[in-house]
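This report considers charged side chains in a protein model. Please examine the sequence and the structure before reading on.

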Amino acid sequence: MQSPHDRKAIAEQVPQRVDAIVVGGGHAGIEAAAALAKLGHRVALVTFDVTALARMSCNPSIGGLAKGQLAREVDALGGLMGRLIDRAGIHYRMLNRRKGPAVHAPRAQADKAAYSREAARMLAQLPNLLVVEGEVVMIHVKHRSAGESSPADAEVMGVTLAPPEWNVVEPGGAHSSGPARGLEKMEDLPHGEYPRTSRVEQATEMEAPVVVLTVGTFLRGKVFTGMDPRPGGRRGEPPARGLADALKALGLQLGRLKTGTPPRLLKSSIDFARVEEQPGDDPPPRFSFYDDSEVCNRVVCHLARTNEKTHQVIAAALDRSPLYGGLIEGIGPRYCPSIEDKTMRFPDRRSHHI
């Protein structure tokens, strides 16, 4: 008898046809897949790595200014995000309390691994949902009008799936030859809390009249570590090259969004006597209208600020910044600025929050 912790014991065959295919297992993907499954549709959620469902790869928080209200709206409509953060949160605050109630914004810091595990548990409760470990490399369409080839005239027929290419080279020459199995391991979940899962072992086709793309940072993605750009959706994970080529072949225009990932610091390397404590709110602001799980502050956050010496170090190292070295071009009026961008764009300020 196979162990319940052996992921092969729960693998199923890749279906030939489903009602809907969701491409991408991040925050948007799990919401789309869960919503469709709750409506009774047979859904295949295609992702590179089932252990990375709803992985919080950048700032490990939910909500914030202009986003906390959106997270609660998602919850009000029956989504997963509010319940997930109420179960996996470790620090809760209501921002903008000094201003009017219309702009109050809840924010919660999360235990990243717990958030991903809770997402897996919720998806496991949806019998119509199947997680498929694989990569979508082609979208099949049929044009309604003879001789027409525009995307607006196309009717989706399904996708071609292939095994993900895990040969990712990291800075320094290290290779990632397979899915990252860290704290987020599905093997850590009790039997019965896995989502139903299948794996793509060879190129195969899957039919569906609906294909939902929630590809996040993976579509033709690049990862910049200093001045060393490499293909990747996240560090150690491959980009979605085949799907990008397929969309371009359909006549769709491709662009690229930009995000910056904050550095991770060892807790033991920080002198907490020199930073300002920021306790969570008591009682913590809940995100979900439906979930009754206990919400509590499990950690104290801390605030730090740059000083003039910090700014001198940053200015002297701009040649090692991909943003100022010409490798990255930021587009749009609003984005999460890097520390060097804050320093250079606002030279009159003697200090910035970190």
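## An exposed pair

Both R320 and D319 are exposed. The two residues form a salt bridge, with their closest N and O atoms 4.0 Å apart. The model described here is predicted.

In the whole structure, a search finds 15 salt bridges. One of them joins R42 to D19, and the closest N and O atoms of this pair are 3.5 Å apart. The pair links distant parts of the chain, 23 residues apart: R42 belongs to the loop between α1 (27-38) and β3 (43-47), and D19 to the loop between β1 (11-12) and β2 (20-23). R42 counts as partly exposed because its relative accessibility is 40%. D19, at 27% relative accessibility, also counts as partly exposed.

A further salt bridge is formed by the side chains of R286 and D86, at 3.7 Å from N to O. These residues, 200 apart, again connect distant parts of the chain: R286 is in the loop between β17 and β18 (301-303), while D86 is in helix α3 (residues 81-88). R286 has a relative accessibility of 28% and therefore counts as partly exposed. D86 has a relative accessible area of 0%, so this residue is buried.

## A network and a patch

Salt bridges also link R87, E118, R121 and D291 in a network.

On the surface, R220, K222, K248 and R256 gather in a patch of positive charge. R256 counts as partly exposed because its relative accessibility is 43%.

Conventions: Residues are numbered from 1 along each chain as its sequence is written. This is a predicted model: local features need pLDDT of at least 70, side-chain atom pairs count only at pLDDT 80 or more; totals for chains, interfaces and linings use all residues. Side-chain values use heavy atoms; hydrogens and water are left out. Patches are made of residues with over 30% relative accessible area and no salt bridge: like charges are joined within 9 Å, nonpolar side chains (Val, Leu, Ile, Met, Phe, Trp, Tyr) within 5 Å. Accessible areas come from the Shrake-Rupley method with a 1.4 Å probe; for residues, only the protein chains shown count as cover. Lys and Arg count as positive and Asp and Glu as negative; His and the chain ends are not counted. The place of a charge is taken as NZ of Lys, CZ of Arg, CG of Asp or CD of Glu. Buried means under 20% relative accessible area, exposed over 50%, partly exposed in between (1.4 Å probe, protein chains only). Helices (H or I, at least four residues) and strands (E, at least two) are DSSP runs, numbered from the N terminus.
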